[in-house]
Amino acid sequence: MKGDKLLVGMTHIDNNLIDFAESYKMRKRISYKTILSIAASFCLVMSIVIIFATNFQNAKYEYGEDGKINISSIPGAIQINTSNKVFLADNGNIYPPEEFIDVHKNNGSTIVYGSVKNVKTVSITDGDLIWYITTFEIDVIDAIKKVDKSSTVKATSISCYEKGNPNFIGSLSSNIKIDKNTTGLFLLKNSPADKYEINGEKYSADQFASYYAMSQYDCDGKNFDYYGTTIEVDKLRSP
């Protein structure tokens, strides 16, 4: 008889107790999920903070709106006046005029007639080496080849002296004269990604500007002077 009552008691549990037990389990599950969610969110936030802090601490340079390094922020850089000594020209063999036209009309160079602004030059001493880095913008007056009309392009020039003598490291050469004439015909190329080591850090021209300045010629907008020969600008336009 007692066994029957015990069996009945075990099989006829009050519904309120069952509901309470289920509710408790649900709350427990929700509580675990909430804790896990909060913990995951906290970890995510902390990761973002750590990444931001690390990047902030590792930021060695200032960057412009174009994403290029502000050369004044390079360690050891001293801003100086832009003069002809900061532009080294290794002309090599000068093309005859017709060959010059044919080469630059069909190669990958960018050619613009424009006016220069925002010129900046820094010098950096590295042992026996002195580096000169110049950046400037060209307001395009005539988009002759491979550039958008009415645009402004940013170019750079890099030169190096070793014990007072020109050192054409990586064939760095810029036959430009923006220190004397801010308007002219400019031959540009996409800035090279070749690395140049300065005080233990490696830099490339494409970190400073989109274009590397190769040459500048006196120009009135219709004709330019090529080593004493007058050439029509239109002859350099792509077909």
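Asp142, Asp234 and Arg237 are joined in a network of salt bridges (a salt bridge being a side-chain nitrogen of Lys or Arg within 4 Å of a carboxyl oxygen of Asp or Glu). The model is a predicted one, with local features needing pLDDT of at least 70, side-chain atom pairs counted only at pLDDT 80 or more, and totals for chains, interfaces and linings using all residues. Residues are numbered from 1 along each chain as its sequence is written, and side-chain values rest on heavy atoms, with hydrogens and water left out.

Searching the whole structure turns up eight salt bridges. With 43% relative accessibility, aspartate 66 counts as partly exposed; here buried means under 20% relative accessible area, exposed over 50%, and partly exposed in between, using a 1.4 Å probe and protein chains only.

Both residues of that pair turn up again at the second largest pocket, which holds about 290 Å³ of space. Of its 15 lining residues, the closest to the centre are Gly64, Asp66, Thr135, Glu137 and Lys154. Strands S2 (110–126), S3 (129–145) and S4 (152–162) are the elements that give two or more residues to this lining. A pocket here is an open set of points on a 1 Å grid over the protein atoms alone, where a 1.4 Å probe fits, with protein on both sides within 12 Å along at least five of seven lines; lining residues have an atom within 4 Å of a point. Points are joined across faces, edges and corners, and the volume is the space filled by probe spheres set on them. By class, the lining has four nonpolar, six polar and five charged residues (nonpolar: Ala, Val, Leu, Ile, Met, Phe, Trp, Tyr, Cys and Pro; charged: Asp, Glu, Lys and Arg; polar: the others, Gly among them).

Lysine 163 forms a salt bridge with aspartate 128, the closest N and O atoms lying 4.0 Å apart. This pair also links distant parts of the chain, 35 residues apart: lysine 163 is in the loop between S4 and strand S5 (165–166), aspartate 128 in the loop between S2 and S3. Lysine 163 is exposed at 63% relative accessibility, whereas aspartate 128, at 46%, is partly exposed.

How values were computed. Helix = DSSP H or I, 4+ residues; strand = E, 2+ residues; numbered from the N terminus.
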